[in-house]
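Here is a brisk report on a structure with several chains. Please keep the sequence and the 3D view open while reading.

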Amino acid sequence: MRKYIQQLKDLKSLIVGLFITGDNLRKSTVTVHYPRQEVHNLASFRGPIELLPKPKNPTQPRCITCMMCVSTCPSGCITVVKHKAPKPSAEEKQAMAEAEARGEKVAKPKAPKTPKQFLYDYSLCSLCGLCSEVCPVNSIGFSSDVYMVCRRRSELKLDLLARLKAKADREGRTVDEVA
Amino acid sequence: MRIVLAAVAVMAFIAANGLVLVYMERKIAGHIQRRPGPFEVGWHGLLQPIVDAGKLIGKQLFTPDGADGLLYWLAPVVSFVWVLPLFIPIPFGPQLTAFEMDLGIVLILAFSGTNLLALCMAGWGSNNKWSLLGAARAVAQSVAYEIPLLLAILAVAFTSGTLDLSNTVKLQGGWPWQWNIALQPLAFLIYFICALAETNRAPFDLPEAESELTAGFHTEYSGMAFGLFFLAEYANMIVVCAVATALFLGGWQGPVFSGVWWFLAKMYALLFLMIWLRWTYPRVRFDQLLNINWKWLLPLSLANLMLTALLTKVF
Amino acid sequence: MKHHLSPEQISGDFYSRRFEQGPDEDTLILNMGPQHPSTHGVLRIILALDGEYIMRAEPVLGYLHRMHEAMAEHRTYLGYLPNMGRVDYLHAVAWNWAYVGAVERLGGIEVPRRAEYIRVITCELNRISSHLLWWGAYLLDLGAFTPIMYAFDDREIILDLLQSVSGSRLTYSFLRPGGVAFDLPDTFLDEVKAFIPHMRARLPMYKALVTDNTILRHRCEEVGDLPLEMCRRYGATGPVVRGSGMAYDVRRAEPYGVYPELEFEIPTENSQDAMGRYLVRMGELEQCLNILEQAVQAIPEGEHLIKGAPKPRWKAPVGETYFAVEGARGKIGVHLVSDGSSTPYRCKLRAPGFSNLSLFAELAEGTLLADAVSILGSLDLVIPEIDR
């Protein structure tokens, strides 16, 4: 008998539950209704990596092509192509040969220490941040680009130098020559 | 002539109400969950049901491998078509009954049993073990819950002295204390719970338990076949709420300006309650569901009936 | 009449065919999964049903095997860290901690006190978010569609908090051997201090809406009776074993970090059923809030990463270690074997879900199908962690 009375008393919990959902029914929505509203805390979000520019030259990355990020990345998604050393012209070769004959030290023309190409495969990246931590010149940072969409996987292979230049253009800074 | 007009009107009513109910359900579900619900299609999502119907019509209709073709395709048709006669005796307004008949309630009870047939055909004809389980559960549930439903309605018939729905409405008054619910509150409660079980609505929606049986008996249906089941379920809900309004809540009678609008208002209030319940409670387990029926609803409705019979005889 | 179906007559694949047909031809052999709304991932369970009763159940794993342990042999110690967040994405910080703790034990690396406190705060926040998701998903299995939305509303605050400190919302590669990757932002501690009373105020609503709900009680009470000796046989840990009466918590049994300095209780229930496990997890939510309160008060200033922390090409000394932490699902263990090179020789991951799931076959015999769903939910399984 007591069990039946207890079951009747338990029915009260059903009414309580109904009041709770009814209360929520009358309250306003808590969702962020995209695209009418947007979230505002994206600054801390670790999105796809981007190259950070030199302070005085917004289209040039700070990268010195040390390749630390390339070897550290667990997923192997970064590819950096270095510049080749410029070939000396005929007069310069002549001058160098003469200087060597005189016994002076001749420095061969070296490649500039900026990347020729900085390719990033976002489809492989796990956003771990190791590349950013290991870069000695702090050239890699995270963007807050959460709205990236594409239809093909190839569109996720990003050219970070081009994106850096595009960002500098967008922000209205002058486009400088390659050093 | 009147019958033909009534049939067309009923079909239009069901179609329109199906759309309204789909929208209502999704909006109420959304707001209970603190989110907007349908919003993009039309102003605040009002055109969403139409687009949904369009989507369902446009889907590919296929027969599963090894399914019994006749049963498989007959099931949704039976499910939907057999709901139409249920609207005939319902008194929407003072002159708005499709066909006045003395045994309106009996007609409704008789035809609502054919829903079971459709479920059985769907479950067996799908060639899918999950559908079979869902159908078996649905059959047991429906059969069990028809009895207290019948007894609750009988109690009202005792107090009203008639099985005709329009007469039952006319015998009630406009004010809430003049409704039958004041005379038979227990019968109303039992009727409502049985109605939830008959229409396979939560918390008794085991036959279509999404998370256990991957949609139960209508797992294998897509496109308009699923749409027909869907519409049939909503139509069943409407019938059940309409009958409840007519029997217990005074039908089209209101304190002022009696008419069809009162009927619709009360019917929609009950539908709102059904939707609200769905989004609040978890599912009742199958054996507990049958327990509720055999151990609680049946004795209570019998006792109610006896008491009503006694009191009607005495007074 | 005995009737054995030969393997060619039973359709299906390798597992269905070898699921021995019993002598009774009335049983229905059913596949729950791998695509199923309530198996929390790609889990497949082959069931032999007699009507609604389960005669035999056999989980089939491997649909989500991603070879994490093999990947460890080809990644540097630091480079393997992102993998840990993907093993069990719901309590990623605990898996991070288990791995990082093993590396620290291997290399004899110390951790600054501030970093230890940051680890505790993020781990407990992650535990709360994991339990909230478990709660919502469990109720979704049982047919209540709204509590998951309320849980996600609270979970959103935690995810935003953890994003502000680590940059990710779900798969945090946030810990490093020797500390944590980033220091806390300035507003973080205040936001956590605001979150704790907010969550405390929500818990009574959860209780009133769900825990006290009589329909839920009937679905969970006396379902899945799990005696303690069965837990011991299968090596079950976490809320599963605490719901059967044993107060085993790795934070107290094999203390790590600053947990010995924090006061909290270990919620234990004696009912051995699904309701017991449910109440243990709800109790853990409150205890997490207690720990958070103490940690945000006691966190000292200092550095977040020790000087001389392992760089990416770090070579571990030869040896092997084991480090265990208390995850939301149970005892997470990482066994690292090093041969002196910059990649581990072997990394064995002990997933609590694997041991918890293995008792399902014995537990589910004789129960109803609806009860099986309830039991699976109460075991809090995350299949990616089981399959690794």
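The report goes through the chains, their contacts and a few local features.

## Basis

This is a predicted model: local features need pLDDT of at least 70, side-chain atom pairs count only at pLDDT 80 or more, and totals for chains, interfaces and linings use all residues. Residues are numbered from 1 along each chain as its sequence is written, while chains are lettered from A and ligands numbered from 1 in the order in which they are written.

## Chain A

Chain A has five helices and seven strands. Helices (H or I, at least four residues) and strands (E, at least two) are DSSP runs, numbered from the N terminus. Read from the N terminus, the order is α-β-β-β-α-β-α-β-α-β-β-α. The radius of gyration of chain A is 29 Å, well over the 16 Å that the globule rule gives for 179 residues, so chain A is more spread out than a compact globule. Here the radius is taken over C-alpha atoms, and the globule rule is 2.2 Å times the number of residues to the power 0.38. Along the principal axes, the C-alpha atoms fill a box of roughly 115 × 35 × 30 Å.

Buried residues account for 20% of the 179 in chain A. A residue is buried if 20 or more other C-beta atoms lie within 10 Å of its own, exposed if 12 or fewer, and partly exposed in between; C-beta atoms are placed from the backbone. Take the contacts in chain A between residues at least 6 apart in sequence: 81% join residues at least 24 apart. Two residues are in contact if their C-beta atoms, placed from the backbone, lie within 7 Å.

## Local features of chain A

The peptide bond from Tyr34(A) to Pro35(A) is cis, with omega near 0°. Pro35(A) sits in the loop between helix H1 (2-26) and strand S1 (49-51) of chain A.

Thr65(A) belongs to the loop between strand S3 (57-61) and helix H2 (68-72) of chain A. Its phi is near 50°, a positive value in a residue other than glycine. Thr65(A) counts as buried because it has 20 C-beta neighbours inside 10 Å.

## Chain C

Chain C has 16 helices and eight strands. A compact globule of 388 residues would have a radius of gyration near 21 Å; chain C has 22 Å, which agrees. The C-alpha trace of chain C spans about 75 × 50 × 35 Å along its principal axes. Of the 388 residues in chain C, 51% are buried.

The domain assignment of chain C gives domain 1 (14-60) and domain 2 (68-387). Such bounds come from an automatic or database domain assignment. The two domain centres, taken over C-alpha atoms, are 30 Å apart. Domain 1 brings 14 residues to the contact and domain 2 brings 18 residues. Strand S3 (residues 53-60) of chain C gives the largest share of the domain 1 side, six residues.

Asp380(C) is in the loop between helix H15 (369-378) and helix H16 (383-387) of chain C. Its phi is near 55°, a positive value in a residue other than glycine. With 27 C-beta neighbours inside 10 Å, Asp380(C) counts as buried.

## Contacts of chain B

Ten residues from chain B meet twelve residues from chain A. Helix H1 (residues 2-32) of chain B supplies the largest share of the chain B side, three residues. That side divides into six nonpolar, two polar and two charged residues. Ala, Val, Leu, Ile, Met, Phe, Trp, Tyr, Cys and Pro count as nonpolar, Asp, Glu, Lys and Arg as charged, and the others, Gly among them, as polar.

Towards chain C, 23 residues of chain B are in contact with 25 residues of chain C. H10 and helix H13 (286-314) of chain B each supply at least two residues of the chain B side. By class, that side has nine nonpolar, five polar and nine charged residues.

## Inside chain B

Ala202(B) lies in the loop between helix H9 (185-198) and helix H10 (210-213) of chain B. Ala202(B) counts as buried, with 23 C-beta neighbours inside 10 Å. Beyond its neighbours within four places in sequence, its contacts include Leu277(B), Tyr281(B) and Gly143(C).

H3(B) bends by about 30° at Ala75(B), and a proline, Pro76(B), follows within four residues. The bend is the angle between axes fitted to the seven residues ending at a residue and the seven starting there. Among the buried residues of H3(B) are Tyr72(B), Ala75(B) and Phe80(B). Their cover includes helix H5 (114-125) and helix H11 (223-248) of chain B.
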